[in-house]
Amino acid sequence: AENQLLKALPKMAKAATSEELSNGFTEHLEQTKGHVQRLEQIFKALGEKPTGKKCKAMEGLIAEGAEVMDEDYEGEIMDTALIGAAQRVEHYEMAGYGCVRTMAELLGEEEAVQLLEQTLEEEKETDQKLTDIASEFTVDAEGEESDEEQDSAESEDEEAPVARKKS
């Protein structure tokens with residue numbers, strides 16, 4: 001699953017309109033390379049070969065992210081959609097790493113437990129960073145009005161904001 005993600009993250013970084021989000025995806029790409037190295041280290045310590053197997057769940061999550069990138073959203077709408085796709089991946093990874101870490105504990109594999117716990121914490125931190133970035137968009141969107149919106153608001157009663165796609 002991590003190897004599949006290594007291919008998707010650069011595309012997400014390119015699709016992001018916020019520099020902060022794009023940089024976040026790029027940073028997580030480097031972090032994900034470290035996750036792969038840790039997994040290889042665990043396999044080596046266990047005397048096993050890390051063989052890749054396509055993860056259908058990750059494949060589906062990545063496909064959903066690709067659909068988001070194919071939409072003609074713009075600005076914070078695109079970035080918020082990308083964050084949603086990325087957080088679905090993060091939550092899937094946290095579930096997987098949490099389960100495997102518990103298995104390693106039950107088997108008494110302390111080195112594996114430590115490495116998996118480190119990865120799990122990084123996934124949680126990434127998820128929180130994504131939440132923080134999305135929260136900034138919400139605050140900015142609520143706090144700023146375009147001239148057109150101000151003119152419209154002056155002539156009408158309050159109107160709910162509407163997400164719009166690029167034309």
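Helices here are DSSP runs of H or I, at least four residues, numbered from the N terminus. With that in hand, Asp79 sits in helix α4. We will come back to that residue. One caution before anything else: this is a predicted model.

Start with the overall layout. The protein chain has six helices and zero strands. Read from the N terminus, the order is α-α-α-α-α-α. The chain has 167 residues, and 33% of them count as buried. Now take the contacts with a sequence separation of 6 or more. Residues 24 or more positions apart account for 75% of those.

Next, the core. In soluble globular proteins, nonpolar side chains tend to be buried together. Here the largest nonpolar core has 23 residues. Which residues have the most contacts inside it? They are Met12, Leu21, Phe25, Leu82, Ile83 and Leu130. Five helices each supply at least two residues of this core: α1 (2–15), α2 (19–45), α3 (56–70), α4 and α5 (110–143). Helix α4 gives the most, with seven residues. There is also a second, separate core of nine residues. Among its members are Met94, Ala112, Val113 and Leu116.

Look at Phe25 for a moment. Set aside its neighbours within four places in sequence. Phe25 then contacts Leu9, Met12, Ala13, Ala16, Leu82, Ala86 and Leu130. Of these, Met12, Leu82 and Leu130 are also on the list of residues with the most contacts inside the largest core.

Now the packing around α1. Two packed helices are described by the angle between their axes and the distance between the axes.

First, α1 with α2. Their axes come within 9 Å and cross at roughly 170°. Angles over 145 degrees count as roughly antiparallel, so α1 and α2 are roughly antiparallel to each other. The crossing is left-handed. On the α1 side, the contact uses Glu2, Asn3, Leu5, Leu6, Leu9, Pro10, Met12 and Ala13. On the α2 side, it uses Ser22, Phe25, Thr26, His28, Leu29, Thr32, Lys33, His35, Val36 and Leu39. By class, that divides into 10 nonpolar, six polar and two charged residues.

Second, α1 with α3. The angle is about 15°, and the axes are 11 Å apart. That makes α1 roughly parallel to α3. This crossing is left-handed too. Helix α1 brings Gln4, Leu5, Ala8, Lys11, Met12 and Ala15. Helix α3 brings Met58, Glu59, Ile62 and Met69. The classes come to seven nonpolar, one polar and two charged residues.

Third, α1 with α4. These helices pack at about 160°, with their axes 11 Å apart. That makes α1 roughly antiparallel to α4. Again, α1 passes α4 in a left-handed crossing. From α1 we have Glu2, Leu5, Met12 and Ala15. From α4 we have Met78, Asp79, Leu82, Ala85, Ala86, Val89, Glu93 and Tyr97. This contact has nine nonpolar, no polar and three charged residues.

Leu5 turns up on the α1 side facing α2, facing α3 and facing α4. So is Leu5 buried or exposed? The cut-off for buried is under 20% relative accessible area. Leu5 has 3% relative accessibility, so it counts as buried. Beyond its close sequence neighbours, within four places, Leu5 is in contact with His28, Thr32, Ile62, Val89 and Glu93. Leu5 and Leu61 are 56 residues apart in sequence, yet 9.7 Å apart in space, C-alpha to C-alpha.

Back to Asp79, as promised. Asp79 is a charged residue by class. At 1% relative accessibility, Asp79 counts as buried. What does Asp79 touch, not counting residues up to four places away in sequence? The answer is Ala15, Ala16, Thr17, Ser18, Leu21 and Phe137. Asp79 and Ala13 are 66 residues apart in sequence and 10.0 Å apart in space, C-alpha to C-alpha.

Gly75 is partly exposed, with a relative accessible area of 28%. Gly75 and Ser18 are 57 residues apart in sequence and 7.4 Å apart in space, C-alpha to C-alpha. Ser18 is also one of the residues that Asp79 touches.

That is the tour. Questions, please.

How values were computed: Residues are numbered from 1 along each chain as its sequence is written. This is a predicted model: local features need pLDDT of at least 70, side-chain atom pairs count only at pLDDT 80 or more; totals for chains, interfaces and linings use all residues. Side-chain values use heavy atoms; hydrogens and water are left out. Buried means under 20% relative accessible area, exposed over 50%, partly exposed in between (1.4 Å probe, protein chains only). A nonpolar core is a set of buried Ala, Val, Leu, Ile, Met, Phe, Trp, Tyr and Cys residues joined through side-chain atoms within 4.5 Å. Contact means heavy atoms within 4.5 Å. Axes are lines fitted to C-alpha atoms, for helices over the stretch in contact, and angles run from 0 to 180 degrees between N-to-C directions. Angles under 35 degrees count as roughly parallel, over 145 as roughly antiparallel, 65 to 115 as roughly perpendicular and the rest as oblique. A crossing is left-handed if the near helix is turned anticlockwise from the far one by less than a right angle, and right-handed if clockwise.
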